[in-house]
Amino acid sequence: MTAARTRRGLLGRQTTIAGRTRRGLLAGLVGAAACGGQDESGAEAVASATGLDFEYYVANVEPIFTKERGGFAVESPGGPSCVMCHTWQANAPLKLERLEEGSDGGTFWTEEQSRRNFVEVARLVAPGNPDDSRLLKAPLARSAGGRGQHTGGTFWESRDDPDWQALAEWVAMAEPTGGSVAEGAPVDFEFFRHCVQRVFLTGEDGALPCAECHGSGGAMGFAGPIGEGRDFWNEEESRRNFEVALRLIEPGEPTRSRLLMHPLAYEGGGDYTHNGARRWESMDDPEWRMLAAWVRGERTGSECPG
Ligand code: HEC
Ligand code: HEC
């Protein structure tokens, strides 16, 4: 446990669980998983944006999802392990990878799968804030501050439950994104006006620009109408867009900002649905990183990067 808590190099090393070396177990299977490199950078980007620790996750969080709890029968509420219900096949949040089966009959996730799980699980927690994390609230008894009505049942009667504690520690350990920035970091209007708004007008790889669908004003109109004879918003129009955009972001917290998470690919940690196209494959995208820096209050002025 202690070893897992120390922050070490994030990814790409062997992780030992209950004394067994994962990679040793997996020989021959790892090669079958596609796009290892992409998963790696995806998980890494999510880790650096959220501050959530991947090694701690693999050692202490994933085992909670596969833990047998007195029988695998779905009929006994609170009995089966989380992964019995929470896989890609199920129409519920927390879509975990399907377990692989080793030659010894044991089940496991490959490192690639763990990275994908990590990206998925990260979207259900509020970094630095266990009490506000969906992952911790759903299976927790209502009397203990849980959400209640979890279809899978109540797994934790109180916050003293070791599983809950382990999850809480993982979440609490994360520096809320932009931890280096003073609370309530100002989100700069000038940068929005000159650099962020540009994003709304461009379309990449045939994707429609945001302004195409978010251009008519209203609650989602962060790219409102541009006045006659111009091809860019003037200051007044920009202010109106800014007001709308501010309601779609959480200053200091890119990963909780709908403006950034909605058009981000699901596999990259983005929201589950967006009727518009997915603009960014992952949080590694330079454009996404620019927006994140702006939300964190790190970008100001009219000079746009790149
Ligand atoms: C018997 C099936 C089943 C089991 C077992 C189960 N769940 Fe669920 N869970 C569901 C279903 C179905 C939903 C979607 C409906 C809902 O929110 O209750 C759900 C929803 C959730 C959500 C989303 C809550 C939200 O805010 O939308 C989380 C997080 C979650 N479960 C975590 C867990 C964890 C952690 C475990 C194991 C400790 C677990 N579940 C075990 C069926 C299950
Ligand atoms: C093809 C049309 C289309 C394009 C292009 C589009 N969107 Fe959307 N967007 C929608 C629709 C429709 C909704 C409402 C339904 C939904 O949430 O998916 C929406 C919802 C949203 C929301 C959620 C608002 C809320 O109240 O939660 C955000 C944020 C958003 N879009 C941002 C963007 C950004 C940023 C871009 C450009 C990178 C973009 N959209 C491009 C159609 C589009």
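Colleague: In which helix of the protein chain is confidence lowest, and in which is it highest?

Modeller: This is a predicted model, and the protein chain averages a pLDDT of 81. Helix α8, residues 162-173, has the highest confidence, at 97. At the other end, with a mean of 33, is helix α2, residues 22-26. Lowest is α2 and highest is α8.

Colleague: Over residues 1-36, how many contacts does the model have beyond near neighbours in sequence?

Modeller: The pLDDT is below 50 over residues 1-36. A contact here requires C-beta atoms within 7 Å. Beyond near neighbours in sequence, the number for this stretch is 41.

Colleague: Which helix gives the most residues to the shell around ligand 1?

Modeller: The shell holds 18 residues, with Cys82, Cys85, Arg134, Thr151 and Gly152 the closest. Two helices, α5 (82-85) and α7 (134-137), each supply at least two of the shell residues. The most, three residues, come from α5.

Colleague: How many residues of that shell are nonpolar?

Modeller: The shell around ligand 1 also has four polar residues and one charged residue. The nonpolar residues in it number 13.

Colleague: Why is α6 largely enclosed by the rest of the structure?

Modeller: Helix α6 covers residues 111-122 and reaches 16 Å from its first C-alpha to its last. A residue is buried if 20 or more other C-beta atoms lie within 10 Å of its own. Among the buried residues of α6 are Arg115, Phe118 and Val121. The helix is largely enclosed because the buried residues number eleven of the twelve.

How values were computed:
Residues are numbered from 1 along each chain as its sequence is written. Chains are lettered from A and ligands numbered from 1 in the order in which they are written. This is a predicted model: local features need pLDDT of at least 70, side-chain atom pairs count only at pLDDT 80 or more; totals for chains, interfaces and linings use all residues. pLDDT is the predictor's confidence in each residue, from 0 to 100. Helices (H or I, at least four residues) and strands (E, at least two) are DSSP runs, numbered from the N terminus. Two residues are in contact if their C-beta atoms, placed from the backbone, lie within 7 Å. A residue is near a molecule or strand if its C-beta atom, placed from the backbone, lies within 6 Å of it. Ala, Val, Leu, Ile, Met, Phe, Trp, Tyr, Cys and Pro count as nonpolar, Asp, Glu, Lys and Arg as charged, and the others, Gly among them, as polar. The expected span of a helix is 1.5 Å times one less than its number of residues.
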